[in-house]
Amino acid sequence: MEDCNSNFTFNFRQSRAGFTLVEMMVAVGIFAVVMVVALSSFLNISDVQKKIRSFQIVNDNLSYAMETMVKEIRTGASYCASSCTQSSFSFVNAQGFSVVYRLNNNAIEKSNDGGVNFLLLTSPEIKITDLKFFVRGQSLGDGLQPIVTIIISGSSGSKEKNKTRLNVQATVSQRELDS
């Protein structure tokens with residue numbers, strides 16, 4: 001019997017399975033560190049994605065607005081016939097309509113009826129901070145080829161860290177119209 005009891009005690013010590021409190025604390029600590037690093041990386045990726053999306057919105061909007069103005073101004077005539085300021089520009093387009101582009105309430109607007117009714121040319125998601133037109137040429141009586149330089153500055157994004165700013169500039173020369 002004595003042999004049996006000593007055997008029982010020995011087996012009892014060997015069959016004791018599980019983790020000690022110290023081992024559990026180390027495992028939970030390592031897991032917590034890994035999760036903090038993973039969450040931090042995920043949040044950074046999310047911020048980068050928002051910044052890229054914001055840049056894409058600004059770029060697409062400003063490119064569309066600029067391309068629309070450039071195409072129409074290129075085939076237009078009588079630049080600044082009615083009135084021009086640095087932030088508004090008027091001319092007669094190829095179809096004979098009096099067109100006006102202007103900056104109003106942080107958006108670019110276009111009128112096809114001489115400035116009576118205006119339509120938004122840019123998305124409300126972006127804020128146009130600056131729109132300038134610089135005109136040089138025949139319409140102003142200096143005898144030179146009409147040239148218009150357009151400068152647009154805009155931004156998008158609700159939070160300062162996700163805000164994207166973009167500046168676009170184009171110079172347009174009037175096409176020589178066949179008489």
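Guide: A residue is called buried when its relative accessible area is under 20%, and by that cut-off buried residues make up 28% of the 179 residues in this chain, which is a predicted model.

Visitor: What are the elements of the chain, and in which order do they run from the N terminus?

Guide: The secondary structure comes to two helices and seven strands, and from the N terminus on the order is α-α-β-β-β-β-β-β-β. Of the contacts with a separation of 6 or more, 46% are accounted for by residues 24 or more positions apart. The chain exposes about 12100 Å², of which carbon and sulfur atoms supply 57%.

Visitor: How do you know whether the end C-alpha atoms of helix α2 agree with the span its residues should have?

Guide: The expected span is 1.5 Å times one less than the number of residues. Helix α2 covers residues 21-74, which is 54 residues, and should therefore span 80 Å; the end C-alpha atoms of α2 are 79 Å apart, and the two values agree.

Visitor: Which residues of α2 are called buried, and what covers them?

Guide: The buried residues of α2 are S54, I57, V58, N61, L62, A65, M66, M69, V70, E72 and I73, each of them falling under 20% relative accessible area. An α-helix has 3.6 residues a turn, so residues three or four places apart point the same way. What covers the buried residues of α2 includes β1 (88-92), β2 (98-104) and β3 (107-111), together with β5 (126-136), β6 (147-156) and β7 (164-173).

Visitor: Why is N59 called partly exposed?

Guide: N59 is found in helix α2, and its relative accessible area is 29%. The C-alpha atom of N59 is separated by 9.6 Å from that of S156, although the two residues are 97 residues apart along the chain.

Visitor: What makes β5, β6 and β7 a sheet, and in which sense do they pair?

Guide: Strands of a sheet pair through backbone hydrogen bonds, either parallel or antiparallel. Two strands count as paired when there are at least two bridges between them. Here 10 bridges join β5 to β6, and β6 and β7 pair over 10 bridges as well, so both pairs meet the criterion. The three strands form an open sheet in the order β5-β6-β7, with antiparallel pairing. Its edge strands are β5 and β7, since each pairs on one side only, and the twist averages 10° from one strand to the next.

Visitor: Which residues are bridge partners of G154 and S155?

Guide: G154 in β6 is the bridge partner of I128, while S155 has R165 in β7 as its partner. S153 stands opposite N167 in β7.

Visitor: What makes β6 mostly covered?

Guide: Eight of the 10 residues of β6 are buried, that is, they have under 20% relative accessible area. As for the helix, α2 lies across β5, β6 and β7, and runs at about 15° to β7.

Visitor: What is the order of the open sheet of four strands, and which are its edge strands?

Guide: The order is β1-β2-β3-β4, with antiparallel pairing. The edge strands are β1 and β4 (119-120), each of which pairs on one side only. The helix α2 packs on this sheet, touching β1, β2 and β3, and its direction makes about 150° with that of β2.

Visitor: How do you know that β1 and β2 pair?

Guide: They are joined in the antiparallel sense over five bridges, and because at least two are required, β1 and β2 count as paired.

Visitor: Why is N105 called exposed, and N106 partly exposed?

Guide: Both N105 and N106 are found in the loop between β2 and β3. The relative accessibility of N105 is 70%, and because exposed means over 50%, N105 counts as exposed. N106 has a relative accessible area of 37%, a value between the limits of 20% and 50%, and is therefore partly exposed. As to the backbone, N105 has a positive phi of about 50° although it is not a glycine, and the phi of N106, likewise a residue other than glycine, is positive and near 60°.

Technical notes:
Residues are numbered from 1 along each chain as its sequence is written. This is a predicted model: local features need pLDDT of at least 70, side-chain atom pairs count only at pLDDT 80 or more; totals for chains, interfaces and linings use all residues. Side-chain values use heavy atoms; hydrogens and water are left out. Buried means under 20% relative accessible area, exposed over 50%, partly exposed in between (1.4 Å probe, protein chains only). Contact means heavy atoms within 4.5 Å. Axes are lines fitted to C-alpha atoms, for helices over the stretch in contact, and angles run from 0 to 180 degrees between N-to-C directions. Accessible areas come from the Shrake-Rupley method with a 1.4 Å probe; for residues, only the protein chains shown count as cover.
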